[in-house]
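Open the model in a viewer with the sequence panel beside it. The tour below goes stop by stop, and each stop begins with a selection.

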Amino acid sequence: MKLKIAAPGGIWYTWEISKITLPTETGEITILPWHQPLTSVVKPGIVSFTPDGPIWDGDYIVVDGKVQVSVSRGLVLVDGVSVVITTSAATMSPAESAEVLQQMKSDMATELEKIRVDGNAEDIEKAVENMAKVEADLRLVKLKNIG
């Protein structure tokens, strides 16, 4: 099964995989080859997939043979032979340290409180999603330090 992760600017990542698990609005789902077609909203979090073959050299975080990627809110389209994730941001290995990400999360929480007082629902939702992506990047850093 082919995995494609698309972000602004085009296809960000393509790989042959045998299994993928991703966070959706209705809960975490696992997709195997020949899965029934589906479209779903992906929520910010960690996508974990098993490559179909050896893992290439690169700056990937691998836990138990599964590559870990953090994604922001997006869509997934499954047709049985491919999985396409369209998202505004995807991270294989955060460039920031855990301390920097923790500070970003704290700053975002402060900003979110200000938005809740003066902002509208759309601004609040965007701030919450941005904070969730930073939390996913923070989990990636912790996985990197474990592995």
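Among contacts between residues at least 6 apart in sequence, what percentage join residues at least 24 apart? In this chain the share is 60%, where contact means heavy atoms within 4.5 Å.

This is a predicted model, in which local features need pLDDT of at least 70 and side-chain atom pairs count only at pLDDT 80 or more, while totals for chains, interfaces and linings use all residues. Residues are numbered from 1 along each chain as its sequence is written, and side-chain values use heavy atoms, with hydrogens and water left out.

**Whole chain**

Select the chain and colour by secondary structure. Two helices and 10 strands are present; helices (H or I, at least four residues) and strands (E, at least two) are DSSP runs, numbered from the N terminus. Along the sequence the order is β-β-β-β-β-β-β-β-β-β-α-α. The radius of gyration is 16 Å, close to the 15 Å that the globule rule gives for 147 residues, so the chain is as compact as a globular protein of that length. That radius is taken over C-alpha atoms, and the rule is 2.2 Å times the number of residues to the power 0.38. The C-alpha trace spans about 50 × 35 × 30 Å along its principal axes.

The accessible surface of the chain is about 8,200 Å², and 53% of it belongs to carbon and sulfur atoms; areas come from the Shrake-Rupley method with a 1.4 Å probe, and for residues only the protein chains shown count as cover. Of the 147 residues, 39% count as buried. Buried means under 20% relative accessible area, exposed over 50%, and partly exposed in between (1.4 Å probe, protein chains only).

Next, select the charged groups. The 14 positive and 20 negative charges have mean positions 3 Å apart. Lys and Arg count as positive and Asp and Glu as negative, with His and the chain ends not counted; the place of a charge is NZ of Lys, CZ of Arg, CG of Asp or CD of Glu.

**The largest nonpolar core**

Select Leu3, Ile20, Phe49, Val69, Val83 and Ile85, the residues with the most contacts inside the largest nonpolar core, which has 21 residues. The elements that give two or more residues to this core are E1 (2-7), E2 (10-24), E5 (45-51), E7 (66-71), E8 (74-78) and E9 (82-87). E2 gives the most, with five residues. Such a core is a set of buried Ala, Val, Leu, Ile, Met, Phe, Trp, Tyr and Cys residues joined through side-chain atoms within 4.5 Å. In soluble globular proteins, nonpolar side chains tend to be buried together.

Centre on Phe49. Leaving aside neighbours within four places in sequence, Phe49 is in contact with Leu3, Tyr13, Trp15, Ile17, Lys19, Ile20, Gly65, Lys66, Val67 and Val69.

Move to Ser82 in strand E9. Is Ser82 buried or exposed? Ser82 counts as buried because its relative accessibility is 18%. Beyond four places in sequence, Ser82 is in contact with Met1, Lys2 and Leu77.

Leu38 belongs to strand E4 (residues 38-42). With a relative accessible area of 23%, Leu38 is partly exposed. Draw a C-alpha to C-alpha distance from Leu38 to Val76: these two are 38 residues apart in sequence and 7.9 Å apart in space. Apart from residues up to four places away in sequence, Leu38 touches Ile29, Val76, Leu77 and Val78.

**Two loop residues with positive phi**

Which loop holds Trp34? Trp34 lies between strand E3 (27-31) and E4. Trp34 is not a glycine, yet has a positive phi of about 70 degrees. At 69% relative accessibility, Trp34 counts as exposed.

Then select Asp64, in the loop between strand E6 (61-63) and E7. The phi of Asp64 is also positive, near 50 degrees, in a residue other than glycine. Asp64 counts as exposed, at 71% relative accessibility.

**Helix H1**

Finish at Ala98 in helix H1 (residues 98-118). Ala98 is partly exposed at 23% relative accessibility. Setting aside neighbours within four places, Ala98 is in contact with Leu138 and Val141. Ala98 and Asp137 are 39 residues apart in sequence and 8.7 Å apart in space, C-alpha to C-alpha.

Glu99 is also in H1, and at 60% relative accessibility Glu99 counts as exposed. Glu99 and Gly53 are 46 residues apart in sequence and 35 Å apart in space, C-alpha to C-alpha.
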